[in-house]
Amino acid sequence: MLKIKNLYVSINKNLIIKGLNLKIKKGEIHIIMGPNGSGKSTLSYIIAGKPKYKIEDGEILFNNKIINNLKPDKISKLGIFLSFQNPVEIDGLSMYNFIKSFIKKKNNNNILKNIYKKCEKLNINKKYLSRYFNLGFSGGEKKKNEILQMLILKPKLTILDEIDSGLDIDSLKNILNNIKQYINKKKKKRSLLIITHYTNIINYIKPNFVHIIYDGKIIKSGNKKLIKKIEKYGYNKFIN
Amino acid sequence: MKKEFIKEKYKYGFYTKIKSNTFPLGINKKIIKKISKIKKEPKWFTKWRLKSYSYWKKNIYKYPKWANLRYKKINFKKISYFSKIENKKNKKLIKTFNKLGVPINNKFDKISIDFIFDSISIKTTYNKILKKYGIIFCPLSEAIKKYENLVKKYIGSVVPYNDNFYSALNSSVFSDGSFCYIPKNIKCPIDLSTYFRINNETIGQFERTLIIVEEGGYVSYLEGCTAPIRSNNQLHAAVVELIALKNSKIKYSTIQNWYPGNKNGRGGILNFVTKRGICYEKSKISWIQVETGSSVTWKYPSCILKGDNSIGEFKSVSLTKNYQQIDTGSKMIHIGKNTKSTIISKSICMDNSISTYRGLVKICKNSKNSNNFTQCDALLIGKKCSSYTLPYILSMNSTSRIEHESTISKIEEEQIFYCNQRGIDNDNAMSLIVSGFSMNIINNLPLEFAFEAKQLLNIKLENSVG
């Protein structure tokens, strides 16, 4: 589904990603871990096509199509969803109106029903839909809002950037269960890339692969056992 | 190619070829007498016009220079001050207004419209229903003859002819406009509206609106305007006077969509408008405006809160692009006790445009326990536009309260990227963010106007993110 080949990325002429390779197949769950400043968030932004992030070399392929130069809205439409670490706030725009603006089917009745159903699943109070987008939301509420949008957009590849930050344990469980359910529903078509600091995450979700990213490269890949090692020894063991 | 592009941006920029009787260029006593004569005005009125003209002439070199606006000096000799189409029933007129989206013959639901084409009022709809309630809604030139006493009592009472340079000019040459009278305890069941269209190339438009609401009455009034695309600047100098008597309410909404000039700042309407209302005891005046037009705008809709417990409101959203300049705001003069005023001004500024908020809040000595709240928010898009906030605040007693809040923000790239990531393209992302920004204002407009205003903002926003 996603193939990243020998990727070099710079922002403001600073090279951040330095020769990164990654392959995610349909139905796979990958976890990427790494110390601060190793290029984790940059990786998620560049896949989503964020402006000002410049690809110096290499390729990103999604379903065998090069997406290096695609605009972010086009990338989104191919079925790539990014759950932001720090979602933006938009004053004066209700959450409902925002969500409505990217829903394809314009049947108002069903839209609302559909959103309500998903809110229930995620324990989101319906009142939030009429509130301004993320304004005054707690960290956890913002993350729930991200996942609500994911469930509505039905992406093929979901990237979770620090989904655990700002979430209490119950909310985290709830969110991860919803994501798992979503992936498992059409296992052959949906994949997941989790970017995190949080080693405990394997208690809730079983990855097919775990990678360690450092200095813009993936320096170690393995299965879930790798996380146990990171927990035990820290990143330093792998860096040296 | 480029021409087409601009045309597409301002879809009201067409010209109607129609036979009309247009006065020779220039202004003098003869011209004024001639206007007055064509309109068969009473003598006192002609005199008032001439008095205004003398005042204006005396002050011709004292035109206001204090505004934060740059434009070529207006040559008043190169303007025609009156243009009247020969046949009001000309089919081309019907076509013109159809094209503008305000069909003359097709009755709008619950809106009575007065159509003004250059200097003349063409038609007023829904007259019969209004008559049933004793409401008068007609061209001002008609009212001067038919309801002479009302006009005599109120015209110039809120905006005196010598109030400022442009009000003096307007008082001497104004051609037509709307007159509205709501009798005691009558709540006008439909919205009243005037649609202004400048068609002729050399004409200046000087219309005048007078709205009087008797005790306990209510009216919601809407004003819309457009003009063809011209490479020269055209002058528009209007005066609006509102009189809200005890316990009455007036809501005055404007959607201004004059031709704003082309990409390089050539052409467009020069808009110098004096709008003011007076509030008697427990009455309320609300000014709501959406501004997208004019190359230069100079306008300060104001309230004189004369009566105790009266309320004044000004809510405005403006969107400027290319080389548009706008110097606008409000004046709230608190005279009565326990008076309240609110000013909310939101400006969205793009390209090379300049947007200035200029406002006066004055609480007089005897206006005890009064308060004002002012909020000015500016949203800047791009690197070359600029926004200024110039509040003048004066409180002459210790029991009143004045609050002023002001913010300037930029549309963040993060917000656009976030929207993009959900599959929303740049134009729609901008439109979502801007509509959020201007939401509080647009929601105050009557429903059909709110829809139109949103569309207008969207059209102007297209391609604004590179």
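Trainee: Which residue takes a positive phi just after α1(A)?

Mentor: Just after α1(A), the residue with a positive phi is A:Gly49, at about 85°. Please keep in mind that this is a predicted model, in which local features need pLDDT of at least 70 and side-chain atom pairs count only at pLDDT 80 or more, while totals for chains, interfaces and linings use all residues. Residues are numbered from 1 along each chain as its sequence is written, chains are lettered from A and ligands numbered from 1 in the order in which they are written, and side-chain values use heavy atoms, with hydrogens and water left out.

Trainee: How many residues of helix α1 of chain A are buried?

Mentor: Helices are DSSP runs of H or I with at least four residues, strands are runs of E with at least two, and both are numbered from the N terminus. Buried means under 20% relative accessible area, exposed over 50%, and partly exposed in between, with a 1.4 Å probe and protein chains only. In α1 of chain A (residues 40-48), 8 of the 9 residues are buried, so the helix is mostly covered; among them are A:Lys40, A:Leu43, A:Tyr45 and A:Ile47.

Trainee: Which residues are buried in helix α3 of chain A, and where do they lie when seen down the axis?

Mentor: An α-helix has 3.6 residues a turn, so residues three or four places apart point the same way. In α3 of chain A (residues 95-102), the buried residues are A:Met95, A:Tyr96, A:Phe98, A:Ile99 and A:Phe102. They fall within an arc of 165° and therefore line one face of α3(A), the arc being that of the directions from the helix axis to the C-beta atoms.

Trainee: Which residue other than glycine has a positive phi of about 70°?

Mentor: Most residues other than glycine have a negative phi. A:Asn64, however, has a positive phi of about 70°; A:Asn64 sits in the loop between β4 (53-62) and β5 (65-66) of chain A and counts as exposed because its relative accessibility is 64%. In chain B, B:Lys282 also has a positive phi, near 55°, in the loop between β13 (268-279) and β14 (284-291), and B:Lys282 is partly exposed at 47% relative accessibility.

Trainee: What does the side chain of A:Thr196 make a polar contact with?

Mentor: A polar contact is a pair of N or O atoms within 3.5 Å, where within protein one must be able to donate a hydrogen and the other to accept it, and residues adjacent in sequence count only if both atoms are side-chain atoms. A:Thr196, in strand β10 (residues 191-196) of chain A, is buried at 0% relative accessibility. Its side chain makes such a contact with the side chain of A:Asp164 at 2.6 Å, and the side chain of A:Thr196 also reaches the backbone nitrogen of A:Tyr198 at 2.9 Å.
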